[in-house]
Structures are given as C-alpha cells and as structure tokens.
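The following paragraphs lead the reader through a single protein model. Please keep the sequence and the structure in view while reading.

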Amino acid sequence: MPLLTRMLNAPLSIDVRRGAVAALGELLADKRIATEGRVAIAVGQGQGDHIAEHVRPSLSACEVFQVEGGTVDAAVGLAGRLRGGTFEAVVGIGGGRTIDATKYAATLSGIPMVSVATNLSHDGICSPVASLEHDKGKGSFGVVMPLAMVVDLDYVHTAPHRLVRAGIGDVVSNFSAVDDWLLAAEQCGERVDRMALTVARTAAEALLHQPGSIESDRFLTVLAEGLVLSGMAMSFAGDSRPASGGDHEILHAIDQLYPGTANHGELAGIGAAFCYHLRATRLSGGDAAGEPAEERLAEILACLGRHGLPRFPADVGLTEEQFAEAVQYAPRTRPGRYTILEHLGLDKGETLKAVEEYVQAHGG
C-alpha cells in the first residue's frame, strides 16, 4: 500500500509578538507541558535573569539555573541538575548559546524544552540541532526540537542590534543550502525531501525583499518566523541539509581556524554569497535549479548590505588569504556532505583566485 501521508514534527506553539513572555505560564499549562508548575528555567548572561524574574510569578514551583556558556560541559552540567529534580519541563531563556545548551541538556534528561529567544541571531532557536563548543572547537549535535517557542519582541528590541541582524544572514543562507542539496541529488543521487526544501527556501524568500529593518515589529516577525521555519525544515528532513551547505562549511572552518572572528549568522551570509560567486563563475548553467546564479548573488549581497551585515572577508577582519584558507578547510568540517565546494574541488591557488575575484567584482 503506498504511503499517502506522513507525520511531521513541529512545535505545539509558536508565539512571536510583544508581551509574549507574560503568557509563558499560561502556555505551559494550556498545552499540558507543565500542569503542576514544576519547571526549570535555564538562563544565560544578559536578559535571561530579568525575564526569569518576570515569568516566575506565573509558575508556581520553578527553579532557575545559570548556564555558563554554550559548551558541551555547560550542557552536560545542566542536564545533571535537571535529572536531580522532578521537573516537568525546562525553559531555556536567552540567546543562541543558552538555548542550544538547554536543548542538549533537555535531550539528555528526557524532558520537554521550551525556547524563549531574546535575540534572533540564528535558526537554533527552534531546530533539532545544537551548536556547542568542546575541546576541539565547535560541533553540531542532534537534539529534540523545542516543544514550544516564544519570541517577545519587547526583549528583542533591547538586544544588541548586531545579534538581531545576524539572523538575516542565517536565513538567507538557506538559498545556498538548498541549491547544494539539489546539486548533491544531481551528482550523487542523494535523496531530497521536497517538503523540507520548500519550507527552507520559502523562509529565505519571505525575508529577502522584506521592507523595513530590525527597528520594525513587522520585519522582526518575518525574521523570527523565518528562523522557526528553518528549524522546522531541518526537523522534517531529519538533518541540517535544508539550512546548511557550503556556506555553513565555510563558517565552521572560520570558527575553527580563526575563533571569535564573527558570529554564526554573519559568517553564514558571507559564506552563502561566496558560494553563489562560485556558482556564477565556475558552474556552467547556473545553480542546481538552472537559475542564473548571478541574480541570486546580487539579491543576497543587496540584502546583506541593506541591513549592515558583512559581505567580504575584510568586513570580519580576515585577509583574502585567510578566507581562502578557510574555504579550503571547509569540506573537512562536514565529512560526507556534498556541496559546491566538494563539487568544484578547487586547489589552494584556485581558491585564492576565486576569493580575489569575488572581492574585486563586488566592491569589497
């Protein structure tokens, strides 16, 4: 009998608006996530403590834990404290590092997790992947997707603007990721989940030409929903394919070779733009879907520039030689993943030439 339907994992609730945090206790009870109010709250530095105090009155029995950074050790330590209690759920409040650590801890502890994002720096706020630092750098770990997700725009407006803008780069990089997925299907026979691909690309399309800036509630809502859709696309696919291609290989390489250079979303944007430069100049017939890569490259560069995001190596303090070194190293960050970088297989000299051409051609 043919398979006519399938079940897709998605959050029980997605709440993006001003004042959303005030309804957290109600959300937990209404969705039967924590009917007795026995909730752990994991907070990072910054706004997390303030929000925890804001929601404490709506939760009858909660305990607050401090998350010391986005590391594997911090996540494992939190998991131990969660297992030591009798919590119905854990609420992760903060930026990407705090939420990633909480997702990993919740998965290890076997309890549901609610994500409360205080900035919109990347799609980890609602994804089945946690990016955590460890002794050898930074790695991606499969986790259970948050059961519910809250973005209070009042808190996002007070977050550092750089962190909020960074999410734009992460969503826009979906274009590069899905084209790499299609390329892998064409060249290697890799299976493509068209539902996941559609969701990821739709999130990027919605944001690419969205008017306004991060000062606008309307724009922030589209950005937040785009990040959520990216996370859901990864859940549908069962891995990070719909939102992570050569662009993310480059950012992970920069993180390993030159740690602290820039944040995740900023590097994802640069990586996506450079991957489209490679498509435009070295891949006959345009991108994997047959569309002119030059057009997508121009759209991405215009979007990054419009929102004040870095577009060239120098914008994040890297020389062309350093960026080329990262591009060369990039495939080693995700062994087995086929992207435009693996497809072209450029040597050291060819890679540096491509980087120089990219900078010269687009005004870096």
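In helix α11, Gly269, Ile270, Ala273, Tyr276, His277, Arg279 and Ala280 meet Ala293, Glu294, Arg296, Leu297, Ile300, Leu301 and Leu304 of helix α12, where contact means heavy atoms within 4.5 Å. By class, this contact of α11 with α12 comprises nine nonpolar, two polar and three charged residues; Ala, Val, Leu, Ile, Met, Phe, Trp, Tyr, Cys and Pro count as nonpolar, Asp, Glu, Lys and Arg as charged, and the others, Gly among them, as polar.

The model is predicted: local features need pLDDT of at least 70 and side-chain atom pairs count only at pLDDT 80 or more, while totals for chains, interfaces and linings use all residues. Residues are numbered from 1 along each chain as its sequence is written, and side-chain values use heavy atoms, with hydrogens and water left out.

Helix α11 covers residues 264-282 and helix α12 residues 293-306; their axes lie 8 Å apart, at an angle of about 155°. Axes are lines fitted to C-alpha atoms, for helices over the stretch in contact, and angles run from 0 to 180 degrees between N-to-C directions. The crossing of α11 and α12 is left-handed, meaning that the near helix is turned anticlockwise from the far one by less than a right angle.

A second pair is formed by helix α6 (residues 161-172) and helix α8 (residues 194-208), whose axes come within 8 Å and cross at roughly 130°. This angle makes α6 oblique to α8, and their crossing is left-handed. Ile168, Val171 and Val172 of α6 meet Ala203, Ala204, Leu207 and Leu208 of α8. The contact of α6 with α8 has seven nonpolar residues, no polar and no charged ones.

The chain as a whole contains 15 helices and eight strands; helices (H or I, at least four residues) and strands (E, at least two) are DSSP runs, numbered from the N terminus. Along its principal axes, the C-alpha trace spans about 60 × 55 × 40 Å. Of the 364 residues, 57% count as buried (under 20% relative accessible area, with exposed over 50% and partly exposed in between, for a 1.4 Å probe and protein chains only).

Finally, Gly137 lies in strand β7 (residues 137-142). Its relative accessibility is 28%, so Gly137 counts as partly exposed. Gly137 and Gln256 are 119 residues apart in sequence, yet 5.8 Å apart in space, C-alpha to C-alpha.

Terms used: Angles under 35 degrees count as roughly parallel, over 145 as roughly antiparallel, 65 to 115 as roughly perpendicular and the rest as oblique.
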